[in-house]
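Work through the exercises below with the sequence and the model side by side. Each task is followed by a solution in steps.

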Amino acid sequence: QVQLVESGGGLVQPGGSLRLSCAASGNIFSITDMGWYRQAPGKERELVALITSGDSTNYAGSVKGRFTISRDNAKNTVYLQMNSLKPEDTAVYYCNAHILNSRLGGFYSYWGQGTQVTVSS
């Protein structure tokens with residue numbers, strides 16, 4: 001069993017900052033790509049940021065320069081530092097990880113349960 005647990009969401013005023021965390025646990029042999037996605041009401045889920053096992057990063061154009069993704073491989077954790085938040089960043093944020101499951105013997109894509117980020121005055 002593999003679990004991804006997110007934390008750090010909440011309500012913040014425009015221009016504020018939040019830091020999301022997502023910790024993976026369970027039958028993990030290794031983790032390749034880790035990423036953050038978001039889904040706003042009435043919209044499709046979209047990629048926000050991605051980080052590879054080699055620490056290469058990729059960002060959606062709408063967050064580039066404001067958000068920073070990072071990871072701590074020793075803790076199997078991925079972070080998303082969000083600065084200069086805008087009302088349009090309001091969404092449920094989900095983390096995703098591609099994990100080599102040590103019990104099942106293959107790579108699988110796992111999702112967290114989601115954490116709400118609301119940017120409003």
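**Exercise 1.** Find the residues that S84 contacts, leaving aside neighbours within four places in sequence, and describe the setting of S84.

*Solution.* Step 1: with contact taken as heavy atoms within 4.5 Å, S84 touches G15, G16, S17, R66 and D89. Step 2: S84 sits in the loop between β8 and β9; strands (E, at least two residues) and helices (H or I, at least four) are DSSP runs numbered from the N terminus. Step 3: the phi of S84 is near 50°, a positive value in a residue other than glycine. Step 4: S84 has a relative accessible area of 40% and is therefore partly exposed; buried means under 20%, exposed over 50%, and partly exposed in between, with a 1.4 Å probe and protein chains only. Step 5: G8 is 76 residues from S84 along the chain, and their C-alpha atoms are separated by 16 Å.

The model is predicted: local features need pLDDT of at least 70, side-chain atom pairs count only at pLDDT 80 or more, and totals for chains, interfaces and linings use all residues. Residues are numbered from 1 along each chain as its sequence is written, and side-chain values use heavy atoms, with hydrogens and water left out.

**Exercise 2.** Is A60 buried or exposed, and what does A60 touch?

*Solution.* Step 1: locate A60 in the loop between β6 (57-59) and β7. Step 2: the relative accessible area of A60 is 18%, so A60 is buried. Step 3: not counting residues up to four places away in sequence, A60 touches L47 and V48. Step 4: Y37 is 23 residues from A60 in sequence, and the C-alpha to C-alpha distance is 9.8 Å.

**Exercise 3.** Describe the largest nonpolar core and the contacts of L80.

*Solution.* Step 1: a nonpolar core is a set of buried Ala, Val, Leu, Ile, Met, Phe, Trp, Tyr and Cys residues joined through side-chain atoms within 4.5 Å. Step 2: the largest one has 31 residues, of which L4, W36, L80, M82, Y93 and I99 touch the most other members. Step 3: the strands that each supply at least two residues of this core include β1 (2-7), β4 (28-39), β8 (77-82) and β11 (115-119). Step 4: β9 gives the most, with 5 residues. Step 5: leaving aside neighbours within four places in sequence, the contacts of L80 include L18, L20, W36, V48, F67, I69 and Y93.

**Exercise 4.** Summarise the protein chain as a whole: how many helices and strands does it have, and how compact is it?

*Solution.* Step 1: count 0 helices and 11 strands. Step 2: the radius of gyration, taken over C-alpha atoms, is 14 Å, close to the 14 Å that the globule rule gives for 121 residues, so the chain is as compact as a globular protein of that length. The rule is 2.2 Å times the number of residues to the power 0.38. Step 3: the C-alpha atoms fill a box of roughly 45 × 25 × 25 Å along the principal axes. Step 4: 40% of the 121 residues count as buried. Step 5: of the contacts with a separation of 6 or more, 56% join residues 24 or more positions apart.
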